[in-house]
Amino acid sequence: MIARVGRLVRAESIKLFAQPFLYVCLTLIAAGTVAGALIFSAMQSRKPTAWGTLHAVQLFGAGWQVGALLSTLVLVIFSSMLFAGEFDRGTIKVLLTRPITRTELFLAKVVTVIGVAGVLLGFTLFVSLTWALGNGALGPVWDDTVYYTHLDASVIESHAVRAVGVGLLSFLAAGFLGLFVSTWTESSGFAVAFALILFLFGYFLTGLLGGESSQEKLFFHYIPYAADKLKELAGGGSTRWSPRIVEDAVHIKVPLVYIALFVPAAYGLFRSKNIHA
């Protein structure tokens, strides 16, 4: 079973990296990441370091926030086409005439979503970190008038690591949202449209909800929250992480609940499809 799933994942990877659309998307993600950092730089009148430049972690947070949103949209698009595209092209019938089960095919799609999420997230982090290190200053945040250190460099860097961790599973949950939608319809165009509408609706609804405790119930909340918090902390702000994130790990529990809903529901819908070769 593992060998068959592995072959299916390799086939999915070949199809993915053969698509010019992937490289167009990576270019747009890189451009958006840099643009986010540049816009943030232009809007800051106060420099949080004594070296006349923004802290690199602030630039990283600003770039990552925009890049992560773009990466999430791309992930939703690709994942929403995984099954719908097979139905569109008629290749689902060919696949199921091979010595593989529907469960093995579904597992291969799940692994593919995880792999695509890893590629997109890793690329976004690489671009945002490279730009930040090349255009910002590392070290503590301190006041050059009274020489008071607001935050040590090690503390700021630990906040950056936490911010990425806070957004990690919510990024993956978005991919499984797309996979779930992909089993609804046999049209990849409709699947992409539905998935994007659902994601954007949830994303903007989260921002409209009053109160952090309400927002934390939706997985869309965590990436923008982590990026905003990181920019504040790296600028010498005194705000703190939500106690529910630090103590209750809601950034792990909430996305896992959504994943636990999306994946079995997608599997059930795929199993219920009446497919004849």
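I started with the surface: the accessible area of the chain comes to about 13100 Å², and carbon and sulfur atoms hold 68% of that. A reminder to myself: this is a predicted model, and each value here is computed from it.

Next I looked at burial. Of the 277 residues in the chain, 48% are buried, taking buried as under 20% relative accessible area.

Then I went through the charges. I find 20 positive and 15 negative side chains, and the centres of the two sets sit 12 Å apart.

On to the fold. I count 12 helices and two strands. Walking along the sequence, I read α-α-α-α-α-α-β-β-α-α-α-α-α-α. The radius of gyration is 21 Å, close to the 19 Å from the globule rule for 277 residues, so the chain is as compact as a globular protein of that length. I also noted the box filled by the C-alpha atoms, roughly 75 × 35 × 30 Å along the principal axes.

I finished with the inside. The largest nonpolar core has 76 residues, and those touching the most other members are Trp64, Leu105, Phe106, Leu120, Phe176, Leu179 and Phe219. Helix 7, residues 153-182, gives the most to this core, with 14 residues.

Technical notes. Residues are numbered from 1 along each chain as its sequence is written. This is a predicted model: local features need pLDDT of at least 70, side-chain atom pairs count only at pLDDT 80 or more; totals for chains, interfaces and linings use all residues. Side-chain values use heavy atoms; hydrogens and water are left out. Helices (H or I, at least four residues) and strands (E, at least two) are DSSP runs, numbered from the N terminus. The radius of gyration is taken over C-alpha atoms; the globule rule is 2.2 Å times the number of residues to the power 0.38. Buried means under 20% relative accessible area, exposed over 50%, partly exposed in between (1.4 Å probe, protein chains only). Accessible areas come from the Shrake-Rupley method with a 1.4 Å probe; for residues, only the protein chains shown count as cover. Lys and Arg count as positive and Asp and Glu as negative; His and the chain ends are not counted. The place of a charge is taken as NZ of Lys, CZ of Arg, CG of Asp or CD of Glu. A nonpolar core is a set of buried Ala, Val, Leu, Ile, Met, Phe, Trp, Tyr and Cys residues joined through side-chain atoms within 4.5 Å.
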